[in-house]
Amino acid sequence: MKQSKIILMTAVFAIGFLFSANAQDWVVPAKDKAVKNPIKEDLKEAKTIYMQHCKACHGSKGLGDGPKAKSMKGNLGDFSSAAFHKQTDGELFYKTKNGRADMPNFKKLSDEEIWLSVHYMRSLKQ
Ligand code: HEC
């Protein structure tokens, strides 16, 4: 009896821990995650979109240091980091299109423009 109580308590703690770790994560549905960038890379056009719509918060190099960054809640991410680029094209597209909390959604942009901004974020990898 005693042993099963210990197992139960361990399980409760483990689940609690997993839940708190995941609360920070921005989970993208599997079908969105799997989508590949269908748009040809055009960095000139992509840069124009990024500078106009993203730079104010994310900064010109995507370091999360734009002029509006300080007043933002949440993790702006670091678009130069390897960890950021482990994400799929579909994840970057989904996050950009839908936004979350202080990150605005970009439903005013066409899907093509959002895919171009994904190309631009890819070009910021160090
Ligand atoms: C008004 C400020 C603001 C603007 C403008 C903005 N973002 Fe964000 N962005 C945020 C914030 C805040 C977060 C963190 C949101 C969270 O974690 O809840 C974020 C998060 C992200 C993420 C997820 C980062 C990660 O590490 O996974 C991506 C991708 C992203 N933004 C792309 C863009 C793109 C592309 C644009 C322009 C089309 C853009 N953002 C414009 C504020 C902004």
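This is a predicted model: local features need pLDDT of at least 70, side-chain atom pairs count only at pLDDT 80 or more; totals for chains, interfaces and linings use all residues.
The chain has 7 helices and 0 strands. Read from the N terminus, the elements run α-α-α-α-α-α-α. Of the 126 residues in the chain, 29% count as buried.

In soluble globular proteins, nonpolar side chains tend to be buried together. The largest nonpolar core here holds 17 residues, and Tyr50, Phe79, Val118 and Met121 are the ones that touch the most other members. Two or more residues each are given to this core by α3, α6 (89-98) and α7 (111-123). The largest share comes from α7, with 6 residues.

His85 and Met121 are 36 residues apart in sequence, while their C-alpha atoms are 8.7 Å apart in space. His85 belongs to helix α5. Its relative accessible area is 12%, under the 20% limit, so His85 counts as buried.

The salt bridges come next, and the count comes to 3. Two of them join helix α6 to helix α7. In one of these, the side chains of Asp89 and Arg122 meet at 3.0 Å, N to O. Asp89 lies in helix α6 and Arg122 in helix α7, so this pair ties together parts that are 33 residues apart in sequence. Arg122 is partly exposed, with a relative accessible area of 23%.

In another, Asp111 pairs with Lys97, and the closest N and O atoms are 2.7 Å apart. This pair links distant parts of the chain, with Asp111 in helix α7 and Lys97 in helix α6, 14 residues apart. Both partners fall into the partly exposed class: Asp111 has a relative accessible area of 37%, and Lys97 has 23% relative accessibility.

The remaining salt bridge is formed by Asp32 and Lys31, whose closest N and O atoms are 3.7 Å apart. The two side chains differ in accessibility class. Asp32 is partly exposed at a relative accessible area of 21%, whereas Lys31 is exposed at 66%. The value for Asp32 is not under 20%, so Asp32 does not count as buried.

Asp42 has a relative accessible area of 36% and is partly exposed, so it passes the accessibility limit. Asp42 sits in the loop between α2 (30-33) and α3 (43-53).

The loop between α4 (55-58) and α5 (82-85) contains Gly62. Gly62 is buried, with a relative accessible area of 0%. Gly62 and Asp78 are separated by 16 residues in sequence, and their C-alpha atoms are 5.9 Å apart in space.

The other loop lies between α6 and α7, and Ala101 is one of its residues. Most residues other than glycine have a negative phi. Ala101 has a phi near 50°, a positive value in a residue other than glycine. The relative accessible area of Ala101 is 76%, which is over 50%, so this residue counts as exposed.

Phe106 is found in the loop between α6 and α7 as well. Is Phe106 buried or exposed? At 7% relative accessibility, Phe106 counts as buried, whereas Ala101 is exposed. Phe106 and Phe93 are 13 residues apart in sequence, and the distance between their C-alpha atoms is 9.9 Å.

The loop between them holds the exposed Ala101 and the buried Phe106.

Key: Residues are numbered from 1 along each chain as its sequence is written. Side-chain values use heavy atoms; hydrogens and water are left out. Helices (H or I, at least four residues) and strands (E, at least two) are DSSP runs, numbered from the N terminus. Buried means under 20% relative accessible area, exposed over 50%, partly exposed in between (1.4 Å probe, protein chains only). A nonpolar core is a set of buried Ala, Val, Leu, Ile, Met, Phe, Trp, Tyr and Cys residues joined through side-chain atoms within 4.5 Å. A salt bridge is a side-chain nitrogen of Lys or Arg within 4 Å of a carboxyl oxygen of Asp or Glu.
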